[in-house]
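Subject: Structure for your review

Dear colleague,

Please find below the sequence and the structure that I am handing over to you. My findings follow directly after it.

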Amino acid sequence: MDKTKIKKVVLAYSGGLDTSIIIPWLKENYNNPEIIAVSGNVGQADELEGLEEKAKKTGASKLYILDLTDEFVDEYVIPAVKAGAKYEAYMLGTSLARPVIGKHLAEIAIKENADAIVHGCTGKGNDQVRFELAVKAFAPDMPIIAPWREWNIKSREEEIDYAEAHNVPLKISRETNYSKDKNLWHLSHEGLDLEDAGNEPQYEKKGFLEMGVSPVDAPDKPEYITIDFEKGAPVAYNGKKMSAKDIILALNEVGGKNGIGLLDIIENRLVGMKCRGVYETPGGEILYYAHNYLETMCLDKMTFHKKEELALTFADLVYNGQWFTPLREALSAFVDKTQEVVTGKVKLKLYKGNIIKAGVWSDYSLYDEEIATFGEDNVYNQADAAGFISLYGLPIKVKAKLNEKLAKKGK
């Protein structure tokens, strides 16, 4: 890439450590280009305060703040919930946000006639792949600048040194320097003491958790909630019709208060290494749980099992940045077909980090109490089971007889 030809760039800007120092670094190392900062609001509301002033003060010509919250939920989060997609138990909080942000970055870069798109993802992480594959889907020839793959800065501590030397204001200190990603679906924590897998996360330490509390500090009294679904999507919370976004926000509040949604995992990154992360996903864990609970009532066995298999593929695609691919679209079409009957109400009890089933109802229920009962019934002839078992076990019987013959022949 000829740096002298880079006159205008669009920067994926969060105002965090990485993107804050990228602005002066670009000015120094790319012939002082015009920098247009773009912040995609996917629910990190408190992190947007004072962002425009900070971006311009450090050298950006302007800042776009895009409200992507409804699009993020309706077009990315809810399809993943319907699919039951989890990557090694991780509910894909960061993975789902990157495609929508990347899409709008590309659109603004085209609109602004930018020479390149810049992001602050490290060369060790998954996000560099997610952003760049999203950009390729909408601006296939757009050059990408990734400073972490170019500069001599080797650590977050050195980033802080650079920021201090260039008078870049930061909201963190060296002691609170976790690598975090926040949106309305989740909050991730990486780095510092968490890099030692032998260290317990500091759930009870004030300020560590932001979306809720430790189960230890949760109320001693359980709380009941209900969620209504239509065709797999949440449509009401505690009997009140709400948008999916507002339901998630309400579930975040009640789930966080009751210590729901903490996940500490060592996950397999796309780039080949294992990484430890602590995730807060209070509303997400409740929503996944409730949706699955309803599916167990409404989906037939073969569809339910095949959907569980394909959920792993769906999660892999999302985690690996392949949202805008024919396979992901095809899987979503399959999922939507399965969700035509996933309509009903779920009742849950929340208590100190636990989600407990408390009732499920659906007009599409395949569960028939009269058939399943251990009491007397007039619809199931138990004598029929003998013939079924005889035919179902026939291959095993045939193989056993063959084994007997071979044994007699000494084979």
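Strands β8 and β9 form a hairpin with 2 residues between them, and K231 in the turn has a positive phi of about 50°. Please bear in mind that this is a predicted model. Strand β8 covers residues 223-230 and pairs with β9 in the antiparallel sense over 4 bridges. Within this pairing, F229 stands opposite P234 in β9. Strand β9 itself, residues 233-237, is mostly covered, with 5 of its 5 residues buried.

A further hairpin joins β9 and β10, again with 2 residues between the strands, and here N238 takes a positive phi near 50°. The two strands run antiparallel and are joined by 2 bridges. The bridge partner of Y237 is K240 in β10.

These strands belong to an open sheet of 5 strands in the order β10-β9-β8-β13-β14, with antiparallel pairing. Its edge strands are β10 (240-241) and β14 (354-361), each of which pairs on one side only. At the β14 end, 7 bridges connect that strand with β13 (residues 344-351), and the two run antiparallel. There, V346 is placed opposite V360 in β14.

Strand β1 (residues 8-12) runs parallel to β4 (residues 116-118), and 3 bridges join them. V10 stands opposite I117 in β4.

For the structure as a whole, the secondary structure comes to 13 helices and 14 strands. The protein has 411 residues, of which 49% count as buried. Its C-alpha atoms fill a box of roughly 85 × 60 × 45 Å along the principal axes.

I turn next to the charged side chains. Side chains of opposite charge can pair when their charged atoms come close. The structure holds 23 salt bridges. One of them is formed by K103 and E71, whose closest N and O atoms are 3.4 Å apart. This pair links distant parts of the chain, as K103 is in helix α4 (residues 93-111) and E71 is in helix α3 (residues 69-83), 32 residues apart. Are these two residues buried or exposed? K103 has a relative accessible area of 18%, which is under the 20% cut-off, and is therefore buried. E71, with a relative accessible area of 17%, is buried as well.

Another salt bridge is made by the side chains of E190 and R269, at 3.3 Å from N to O. This pair also links distant parts of the chain: E190 is in strand β7 (residues 187-190) and R269 is in the loop between β11 and β12, 79 residues apart. E190 counts as buried because its relative accessibility is 16%, and R269 counts as buried at 15%.

The side chains of R276 and D264 meet in a salt bridge too, at 2.8 Å from N to O. R276 lies in strand β12 and D264 in strand β11, so the pair ties together parts that are 12 residues apart in sequence. R276 is buried, with a relative accessible area of 11%, whereas D264 is partly exposed at 34%.

L263 and K56 are 207 residues apart in sequence, and their C-alpha atoms are 37 Å apart in space.

Finally, there are two surface patches to point out. L270, V271 and M273 make a nonpolar patch of about 200 Å². M273 is found in the loop between β11 (262-268) and β12 (274-280), and at 30% relative accessibility this residue counts as partly exposed. A positive patch is formed by K397, K401, K405, K408, K409 and K411. Of these lysines, K408 lies in helix α13 (residues 394-408). K408 has a relative accessible area of 76% and is therefore exposed.

Yours sincerely

Note on methods
Residues are numbered from 1 along each chain as its sequence is written. This is a predicted model: local features need pLDDT of at least 70, side-chain atom pairs count only at pLDDT 80 or more; totals for chains, interfaces and linings use all residues. Side-chain values use heavy atoms; hydrogens and water are left out. Patches are made of residues with over 30% relative accessible area and no salt bridge: like charges are joined within 9 Å, nonpolar side chains (Val, Leu, Ile, Met, Phe, Trp, Tyr) within 5 Å. Accessible areas come from the Shrake-Rupley method with a 1.4 Å probe; for residues, only the protein chains shown count as cover. A salt bridge is a side-chain nitrogen of Lys or Arg within 4 Å of a carboxyl oxygen of Asp or Glu. Lys and Arg count as positive and Asp and Glu as negative; His and the chain ends are not counted. The place of a charge is taken as NZ of Lys, CZ of Arg, CG of Asp or CD of Glu. Buried means under 20% relative accessible area, exposed over 50%, partly exposed in between (1.4 Å probe, protein chains only). Two strands pair if DSSP finds at least two bridges between them.
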